[in-house]
Amino acid sequence: MVAGHACYPSKAPPMDVQSASSVVLQALTQAASQDTAVLKPAEEQLRQWETQPGFYTVLLSIFNNHMLDVNVRWLAVLYFKNGIDRYWRRVAPHALSEEEKASLRAGLITNFNEPVNQIATQIAVLIAKVARLDCPRQWPELIPVLLESVKVQDILRQHRALLTFYHVTKTLASKRLAADRRLFQDLASSIYGFTCSLWNHHTDSYLQELQAGHQDAALSSLERTLLSLKVLRKLTVHGFVEPHKNMEVMGFLSAVFERLKQFLECCRLVGPGSVCREKLEKTVILYTKVLLDFLEHHPYPFIPLIQRSLEFTVTYVFTDVGEGLVFERFIVQCMSLIKMIVRNDAYRPDKNVDESNAETLEAHRIKSAFFTPPTLAEIGTRLVSKYFLLTQEEVAMWEEDPESFAVEETGGDSWKYSLRPCTEVLFLDIFHNYSATLTPVLLQMVHNLQGPSDVDDPAQLLLKDSVYNAVGLAAYELFDSVDFDQWFSNQLLAELQVSHNRYKVIRRRVIWLIGQWISVKFKSELRPLLYESFLSLMQDPDLVVRIETATTLKLAVDDFEFRTEQFLPYLESIFALLFQLLQQVSDCDTKMQILHVVSCVIERVSTQIRPYVACLVQYLPVLWKQSEEHNMLRCAILTTLIHLVQLGVGVCARVSQGLGAESRNLYPFLLPVIHLSTDVCLPPHVYLLEDGLELWLVTLENCPAITPELLRIFQNMTALLELSSENVKTCFQIISAYIYLSATEFLQNYAEALCRSFCDLLKDITMEGQVQVLKVVEVAVKVSPVLASQTFQPLFPLVFRGVLDGERYPVVMSTYLGVVGRVLLQNSCFFRTFLMQMAMELNQEVDHLLGSMIEMWVDRMDNITQPERRKLSSLALLSLLPSDSSVVQDKFCGIINISVEALHDVMTEDRETGTLKDCMLMNHLEEPKLSDDEEPPTEQDKRRKLVVQEFNTLVALYRELVISVGEISADCPALRAEMHKTRTKGCEMAQAAHQKLSAISGPEDGEIHPEICRLFVQLQCCLEMYLTEMLKSGCLLGSLQLHRRGKDATASSKMESQKEDSSAVPILEESCSSELDCCLAYSLVSADIENIERDMTDMKNLLSKLRETMPLPLKNQDDSSLLNLTPYPLVRRRKRRFFGLCCLVSS
């Protein structure tokens, strides 16, 4: 080997250990230097040596030499460990030879006397990495050597062997292939008894040394106890398929409880300042992890341990036995164990108990026997009165760092590691499972704390805070037990008005409590009082109270029952206070939380916020600059900007949407933000890309005219399309928005690059992606037929061949036909030229090619389900009829047939004139609709929703009228007139709702806007209910007629002198004063029945039309899955209408 930095070829002779050691040692020494001028060349040299035969043998000799510098040996271990990942497998490039690997394996286990702990851990890890690949087949001697090494008397060697044994066991236990699991189970069976005895020996040694006061010896024994327990944990949890059948396993698990008690008692002897204390607590926690892991992986074998587990944990956590022994992490583990037992699905019997297995019933019996009412009451009381109390540390944090206290993270899996989230989650689970027992306990605690608390009694204030916390957490369970509206009016409102500084704990908790209940039970009439409380608390002297108020404000505004008109009188003041709070807080997490509240308010009140956002618009650029290192806060800023730009949707078309003309004033800030967020070359795009793309899209949608700066941002799009990420659909929407905004200028600048990107995408993209690309092309042709046809000409051969070949996926075929139809209809000259070009490429006659296309088009027309697309195809084919081509004349009948079908699809009856009209045509008062690729306009969407909701209301009203008819005992003309009026108006609203929805260009690829899907489903359900109610009303009135006829036949002579007993009339009875009145009423009821039957016929036809025009994924699902909105790719073939038309025309 040559000294210096010479490069060695990959197939150079193996390194000689003696001669190469000094050179490698020198390179490692230089690589450990802090001088980059020395470090970089050394790292490059070592990288080149990685594939050199003998290099890892040299590294082994270096890190086994205890006389060398620790940093150099550390680097040697790291390079060796990384080499295992890269070159140890036989199939890896530059893989190590079998001879060298055998030599290395032997060298790794020759000694376990490494004096440096960190290096010893790394050596153990790299031995485990080799074991994962080679043990036991290529390395059968590893486990026997380790077992012999842990028996030696040398303490250091014993510890290092145990450390390696643990890492090897941990690694082998992590393998998941069935064969590997069987090997590990065989290993566990063979070594489990020995490992148990080893654990018992070291545990007893530690207890003896601790009692004798030998601290150093006790610490050494404790470390070995910890390692042997770690090995046992992996063997117990992962080493047995049926652990309950192994006596050694169950014996060990039973011994865990006794050992836990012994180690907890040791906590009295080992003070908090002792060196041994940390290891002792780790060991205690490890014992609880053994139980938790065994319960998670083997719930049924754990059943014999449920009773002892519950007794142990409840005794130490919820009685005085644990005082002075337990510590926070141990309490969290014990509560987690109780929680897992309480909510474990394996221990919950089926509703039909006979269907539950015996193990589940036994577990349920044990739980029921343990959780008696007194035990539950004690657990619930202790949780609330002890563990829910604010600690001294939390109170201190409130005073010293209020922002960190207010936004402390408690979600996700924090309950597994933090005491407060853990106690709250345990309380929720126990309360949910035993609410009947715990509800009176909690209500009694609330009753004991009625009225304002004494500000001079901190203990009472903290107790009330914890009780209110419990009531908030259990809000859903307490729905039937607490009259929250009355409680709010009589007590909580008064407590919010107590301004004493010490009462801030209660003010903060009460406003939090209201936030928990507002979506559960809170009258709409009380909201103005709540908004007034917001105004007061947003000016509270305490910052924590103000932040909590803002959080509750978001819950109130985001609630389903929120009414803008109730909130408007307070909007200006609350928004000003929110903005003031946003400026007052300094922590980025707090600013992000307040910004989310601001965004929610803006979104819910919509255009009503416009007079008050000027200050926010001016502040956001400053905040953006301040948050340069906090990308999550920038995400919140982007969300706020999206809502700001979207404001004012539905204003006059000549004024910019969103902020109107003011949105242009945002451009100096807005456009650089969009550019930064969507530039994949900049690191922040990882966090900001999704929100940045949405902001880009809404900016384009609300832009009155293109600007050079806005056009220039599109330079980022090429790289975004190359990513092919989940955001590519938004990218297509942005491209479509540019085309709509300024097609000519946009295509002139970016047409070539865009076409190139589309060509690359279509080579390797899903069918769904192809549809999205081609829809953008169709939009371009629709907006700018000449320029777009020339721009995207390279894509058209693919589309044309797809049509000729009869693309088998209906959605893709429909899109192909849409593109061809748009070109044929709007740029016929280009189509003729393109057709001749394709004829030359395919070596066919033009007429033959055209005939094949028309034939396939007519045959696959049923692939197109949307009325407007069917109309487009019909118009495109009809545009061919004026030509003199014999091919077109031959296909005349097919073209006319599908055209008449399309005409039938788009024609609706005008109820005012009684004539048919094209529902696809809009008058000058109607707003244009966006394309398939874009979201429907907000106001348009609201109008559609409003129409459907109005129809829903009329159906409900009609239903009430029908019920009234069934309940009364006499004919009521006024009621019948009201029914007729409501029914007529309902029919009109149903027609209007259908017309609104049928005009939607829903996508055919299954990607339907959820709101549109809900409207379709809601309208269908309303129509079906409406038909049912009309049928019921007709039956009721028919019963009246039958009753009248029978009565006239048997008692006509007594009609004026007597009335039948109303109880004899099962449904309705008329009360006519004379025979003439009866005849008149008879005729009116008959007319009503006829009107009902006519309206029923109309509504049935409308329901049929609605089902025909439904989006494809909804149409192809049964009623039970309608609300799941699952896309379904197949198309139901339509039944042909006017099947005899061609014959009539030809004859």
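Is aspartate 320 buried or exposed? Aspartate 320 is exposed, with a relative accessible area of 53%; exposed means over 50% relative accessible area, buried under 20% and partly exposed in between, with a 1.4 Å probe and protein chains only.

The model shown is predicted: local features need pLDDT of at least 70, side-chain atom pairs count only at pLDDT 80 or more, and totals for chains, interfaces and linings use all residues. Residues are numbered from 1 along each chain as its sequence is written, and side-chain values use heavy atoms, with hydrogens and water left out.

**View A. Aspartate 320 and arginine 382 form a salt bridge.** The N to O distance of this pair is 3.2 Å; a salt bridge is a side-chain nitrogen of Lys or Arg within 4 Å of a carboxyl oxygen of Asp or Glu. Aspartate 320 lies in the loop between helix H13 (303-318) and helix H14 (328-343), and arginine 382 in helix H16 (residues 373-387), so the pair ties together parts that are 62 residues apart in sequence. Helices are DSSP runs (H or I, at least four residues), as are strands (E, at least two), numbered from the N terminus. Arginine 382 counts as buried because its relative accessibility is 17%.

**View B. Glutamate 114 and arginine 73 meet in a salt bridge.** Their side chains come to 2.2 Å, N to O. The pair links distant parts of the chain, 41 residues apart: glutamate 114 is in the loop between helix H5 (98-108) and helix H6 (117-134), while arginine 73 is in helix H4 (residues 70-87). Glutamate 114 is buried at 6% relative accessibility, and arginine 73 is buried with a relative accessible area of 1%. A search of the whole structure finds 43 salt bridges.

**View C. Arginine 365 forms a salt bridge with glutamate 362.** The closest N and O atoms are 2.7 Å apart. Both residues belong to helix H15 (residues 358-370), and because they are three residues apart there, about one helical turn separates them. Arginine 365 is partly exposed at 47% relative accessibility, and glutamate 362 is partly exposed with a relative accessible area of 32%. In another network, salt bridges that share partners join Asp320, Glu378 and Arg382.

**View D. Arg89, Arg132, Arg176 and Arg181 form a positive surface patch.** Patches are made of residues with over 30% relative accessible area and no salt bridge, like charges being joined within 9 Å and nonpolar side chains (Val, Leu, Ile, Met, Phe, Trp, Tyr) within 5 Å. Lys and Arg count as positive and Asp and Glu as negative, while His and the chain ends are not counted. Arginine 176 is located in the loop between helix H8 (155-173) and helix H9 (178-212). With 47% relative accessibility, arginine 176 is partly exposed.

**View E. Glu400, Asp401, Asp587 and Asp589 gather in a surface patch of negative charge.** Aspartate 589 belongs to helix H27 (residues 588-605). The relative accessibility of aspartate 589 is 37%, so this residue counts as partly exposed.

**View F. Met632, Val686 and Tyr687 form a nonpolar patch on the surface.** Together they have about 320 Å² of accessible area; accessible areas come from the Shrake-Rupley method with a 1.4 Å probe, and for residues only the protein chains shown count as cover. Valine 686 lies in helix H32 (residues 685-701) and is exposed, with a relative accessible area of 60%.

**View G. Cysteine 422 takes part in no disulfide.** A search of the whole structure finds zero disulfides, a disulfide being a pair of cysteine sulfur atoms within 2.5 Å. The nearest cysteine sulfur to that of cysteine 422 belongs to cysteine 334, 9.5 Å away. Cysteine 422 is buried, with a relative accessible area of 2%.

**View H. A cis peptide bond joins cysteine 135 and proline 136.** Omega is about 5° at this bond. Proline 136 lies in the loop between H6 and helix H7 (142-149).

**View I. Serine 606 and asparagine 843 have positive phi values.** Phi of serine 606 is near 55°, and the residue sits in the loop between H27 and helix H28 (614-626). Serine 606 is partly exposed, with a relative accessible area of 22%. Phi of asparagine 843 is near 60°, and this residue is found in the loop between helix H40 (828-842) and helix H41 (846-859). Asparagine 843 counts as exposed at 72% relative accessibility.

Methods
The place of a charge is taken as NZ of Lys, CZ of Arg, CG of Asp or CD of Glu.
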